[in-house]
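Here is a short tour of one protein model, written for someone who likes to see the cut-offs beside the values. Please have a look at the structure first.

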Amino acid sequence: MIRLSDYEGGLGEQDIRRTRYKKADYIRLQVIKTICSVIVSYALIIALVSLYYIDRIRFGDLIKEGFFVPERIFVVVAGVLVLLISLVVWGGFCKKRSAKEYDESELRVREYEKTLEELLALYEAERKEESV
């Protein structure tokens with residue numbers, strides 16, 4: 001009954017939304033969200049580090065030396081390495097977490113549906129008794 005009231009009050013809406021997807025689709029969606037978030041966050045970090053070194057970068061050096069200013073090489077290589085490692089680690093972590101969330105939501109929704117069916121059966125039996 002508590003689960004019914006939670007779902008009727010909107011607290012279980014996230015569980016219902018999750019279980020509308022197939023499990024594999026939900027996990028893929030979460031992994032894609034995580035990968036996009038990681039890419040954006042590292043792009044912001046690289047932009048901030050680049051802004052930190054902007055006073056040391058002269059446009060003449062950019063023309064003469066091209067991309068081979070030591071700070072820029074370090075920032076880019078470190079950013080790419082951290083990005084790749086993070087994608088592998090967070091991708092695996094995200095898959096496990098998403099699978100666990102989906103399974104928990106599915107169990108709660110099944111419990112909700114079972115309880116709802118029992119309640120509807122009780123209402124139907126009560127309605128039949130009143131009509132007799």
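The notes below cover helices, aromatic rings, cysteines and a surface patch.

This is a predicted model, in which local features need pLDDT of at least 70 and side-chain atom pairs count only at pLDDT 80 or more, while totals for chains, interfaces and linings use all residues. Residues are numbered from 1 along each chain as its sequence is written, and side-chain values use heavy atoms, with hydrogens and water left out.

**Helix α3**

Helices here are DSSP runs of H or I with at least four residues, numbered from the N terminus. Helix α3 covers residues 23-52, and its end C-alpha atoms lie 43 Å apart, which agrees with the 44 Å that its 30 residues should span at 1.5 Å a residue. That expected span is 1.5 Å times one less than the number of residues. The buried residues of α3 include Y26, I27, Q30, V31, T34, V38 and Y42. Buried means under 20% relative accessible area, exposed means over 50%, and partly exposed is in between (1.4 Å probe, protein chains only). An α-helix has 3.6 residues a turn, so residues three or four places apart point the same way.

**Aromatic rings**

How many aromatic pairs does the structure hold? There are two. Rings of Phe, Tyr and Trp (its six-membered ring) pair if their centres lie within 6.5 Å; planes under 30 degrees apart count as stacked, over 60 as edge-to-face and the rest as tilted. The rings of Y21 and Y26 have centres 6.4 Å apart and planes at 40°, so this pair is tilted. Y26 also forms a tilted pair with Y102, at 5.8 Å centre to centre and 35° between the planes. This second pair links distant parts of the chain, since Y26 is in helix α3 and Y102 in helix α5, 76 residues apart. Together, ring pairs join Y21, Y26 and Y102 into a cluster.

**Accessibility at a glance**

| Residue | Relative accessible area | Class |
|---|---|---|
| Y21 | 40% | partly exposed |
| Y26 | 5% | buried |
| Y102 | 5% | buried |
| C36 | 44% | partly exposed |
| C94 | 1% | buried |
| I85 | 55% | exposed |

**Cysteines and surface**

A search of the whole structure finds zero disulfides (pairs of cysteine sulfur atoms within 2.5 Å). I85 lies in helix α5, residues 70-131. I73, V77, L81, I85, V88, V89, W90 and F93 make a nonpolar surface patch of about 760 Å². Patches are made of residues with over 30% relative accessible area and no salt bridge; like charges are joined within 9 Å, and nonpolar side chains (Val, Leu, Ile, Met, Phe, Trp, Tyr) within 5 Å. A salt bridge is a side-chain nitrogen of Lys or Arg within 4 Å of a carboxyl oxygen of Asp or Glu. Accessible areas come from the Shrake-Rupley method with a 1.4 Å probe, and for residues only the protein chains shown count as cover.

Technical notes:
Helix = DSSP H or I, 4+ residues; strand = E, 2+ residues; numbered from the N terminus.
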